[in-house]
Amino acid sequence: MSTISKSDLYRRLPSLDELLRSEEFLALIAAQGRVSVVEASRAVLEQLRDEISAGRMEIAALDAAVSGMTALVKRELESIAAYSLRRVINATGVVLHTNLGRAPLSPSALAHVAEVAGGYSNLEFDLARGERGRRDEHAQRLFSQLFAREGVANSATLVVNNNAAAVLLALNTLADGGEVIVSRGELVEIGGSFRIPDVMSRSGAVLREVGTTNRTRVADYAEAINERTRLLLRVHRSNFEIVGFTEQPSLAELVELGRRHNIPVMEDLGSGALVALEQFGISDEPNVFASLRAGVALVTYSGDKLLGGPQAGMVSGEPALVARLRANPLFRALRVDKMCYAALEATLAAYLRQDYDAIPLVQMLAKPEQGIRLSCEALAAQLKNQPSLSVEVVPTRSVVGGGAAPGKTLPSFALAVLCAGLGAHELARRLRESSVPVIARVENDRVLFDLRTVQTADESSIYDALVTIAANGASASE
Ligand SMILES: *Cc1c(COP(=O)(O)O)cnc(C)c1O
């Protein structure tokens with residue numbers, strides 16, 4: 001083979017013109033367009049020339065590549081057109097995984113989005129009067145109904161892009177140029193650079209810290225109140241816990257203090273649970289209704305955390321305050337689109353019907369651990385005839401995650417898998433490269449698949465991914 005020079009090899013490559021004239025390429029051009037096919041063919045020829053130039057190309061491999069040019073160009077076309085944003089399977093057991101897109105949407109939410117966004121809609125059109133309407137009316141009615149049912153009679157809700165935007169809008173509207181009192185134990189950072197002090201300064205409000213990291217009393221708030229105080233802010237410690245020698249005033253105490261000085265209390269709940277989470281074994285997680293019933297003037301919360309809907313941020317509470325937020329020009333910059341309203345409306349409708357099974361997030365929290373165990377055992381039985389896989393069903397704990405219920409876990413079961421010749425991290429890497437990427441946890445040198453966060457229809461994709469990796473085995477390892 002050393003008798004063949006590089007220039008001999010280059011000569012075996014077809015020219016672009018030759019390629020484009022072939023029958024197969026004419027068909028490809030008809031299907032994909034000339035410009036794309038020319039670009040992809042150039043790229044493939046370039047890669048082959050680079051291989052030859054680097055001395056990595058032997059004559060047999062080159063001839064194989066040349067006779068398979070159509071397939072190579074097709075693959076290049078596919079990789080150019082591939083979406084960057086892809087569906088993945090979350091086998092981590094972290095129910096609200098911010099990196100994996102938080103709450104999955106329900107089929108009814110998706111159907112409503114498709115119907116509303118696939119054509120024109122009455123997003124800002126009043127059908128009864130035939131004139132311009134307001135987009136914020138859409139979710140409003142369902143929120144009010146839901147709140148009224150839970151004992152919050154007079155409330156309004158505004159929807160913006162996310163909870164960070166809700167906090168920013170509320171602080172800017174109610175406290176720009178004034179002071180906001182916050183406990184030092186609540187100056188939180190939520191992943192992705194949301195820090196209360198930073199949002200506060202951007203809003204134009206001045207942060208007035210009171211108390212200490214572990215203990216803050218209502219008297220600390222009282223002492224800090226002055227003529228510039230606009231708001232008492234309570235922030236939910238959504239991703240950490242302070243345990244031990246701790247103290248925090250109750251919402252009722254804060255509300256009472258605010259009333260005496262005519263200063264509203266706002267609570268950043270982070271995760272807006274609209275169902276009682278105690279029934280799933282999650283305690284001490286604040287609930288939107290309970291805060292408003294306690295007399296908090298405004299609460300802010302995310303749409304895609306425990307609510308189980310689209311990315312959004314809600315401000316709910318006293319109608320007069322919500323109306324002021326709505327009139328702030330920032331609202332225009334932070335507003336949401338028709339797809340968000342559609343998904344939110346369908347999710348809220350499921351809450352109104354008390355059809356919790358229709359909300360994937362709630363359904364995953366509610367999955368009984370024995371049901372998860374049975375799913376794991378069924379998958380393990382299917383994988384039994386794969387000699388290079390060792391599979392065991394083990395108890396584990398799922399995590400609520402996503403800035404909700406810090407430290408709270410749910411009992412679950414997982415499939416623990418080993419593949420002969422592959423380390424656990426290598427197996428996890430190959431799973432991420434599957435046609436539908438599977439994201440799993442590595443624990444004690446095994447790959448764990450917690451099926452709480454895997455939809456039943458996706459269990460076969462995990463099976464397919466494992467069988468494919470087992471078939472390729474260690475031989476394909478780099
Ligand atoms: C998650 C969270 C936020 C940010 O909400 P996004 O919807 O992600 O913008 C703000 N505050 C608290 C307490 C949170 O938990």
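1. Tyrosine 463 touches Leu379, Gln382, Leu383 and Gln386, leaving aside residues up to four places away in sequence; contact means heavy atoms within 4.5 Å. Tyrosine 463 sits in helix H20 (residues 459-472). Helices (H or I, at least four residues) and strands (E, at least two) are DSSP runs, numbered from the N terminus. Between the C-alpha atoms of tyrosine 463 and isoleucine 196, which are 267 residues apart along the chain, the separation is 44 Å.

2. On the basis of the values: this is a predicted model, in which local features need pLDDT of at least 70 and side-chain atom pairs count only at pLDDT 80 or more, while totals for chains, interfaces and linings use all residues. Residues are numbered from 1 along each chain as its sequence is written, and side-chain values use heavy atoms, with hydrogens and water left out.

3. Helix packing comes next. Two packed helices are described by the angle between their axes and the distance between the axes. Axes are lines fitted to C-alpha atoms, for helices over the stretch in contact, and angles run from 0 to 180 degrees between N-to-C directions. Angles under 35 degrees count as roughly parallel, over 145 as roughly antiparallel, 65 to 115 as roughly perpendicular and the rest as oblique.

4. The axes of helix H9 (residues 163-175) and helix H10 (residues 196-203) cross at roughly 45° and come within 8 Å. H9 and H10 are therefore oblique to each other. On the H9 side the contact is made by Val167, Leu168, Leu171 and Asn172, and on the H10 side by Val199, Met200, Arg202 and Ser203. By class, this contact of H9 with H10 has five nonpolar, two polar and one charged residues. Ala, Val, Leu, Ile, Met, Phe, Trp, Tyr, Cys and Pro count as nonpolar, Asp, Glu, Lys and Arg as charged, and the others, Gly among them, as polar.

5. H9 also packs with helix H14 (residues 319-327), at an angle of about 100° and with the axes 9 Å apart. H9 and H14 are therefore roughly perpendicular to each other. Leu169, Ala170, Thr173 and Leu174 in H9 meet Leu321, Arg324 and Leu325 in H14. The residues of this contact of H9 with H14 comprise five nonpolar, one polar and one charged.

6. Helix H3 (residues 23-32) and helix H4 (residues 34-53) have axes that come within 7 Å and cross at roughly 125°. That makes H3 oblique to H4. From H3, Phe25, Leu28, Ile29 and Gln32 meet Arg34, Ser36, Val37 and Ser41 in H4.

7. The largest pocket holds about 980 Å³ of space. On a 1 Å grid over the protein atoms alone, a cavity is a set of points where a 1.4 Å probe fits but cannot get out, and a pocket is an open set with protein on both sides within 12 Å along at least five of seven lines; lining residues have an atom within 4 Å of a point. Of the 27 residues lining the largest pocket, Leu100, Gly101, Arg102, Ala103 and Pro104 are the closest to its centre.

8. The second largest pocket has a volume of about 430 Å³. Of its 22 lining residues, His236, Arg237, Gln248, Asp284 and Pro286 lie nearest its centre. The lining of the second largest pocket divides into eight nonpolar, six polar and eight charged residues.

Notes
Points joined across faces, edges and corners; volume = space filled by probe spheres on them.
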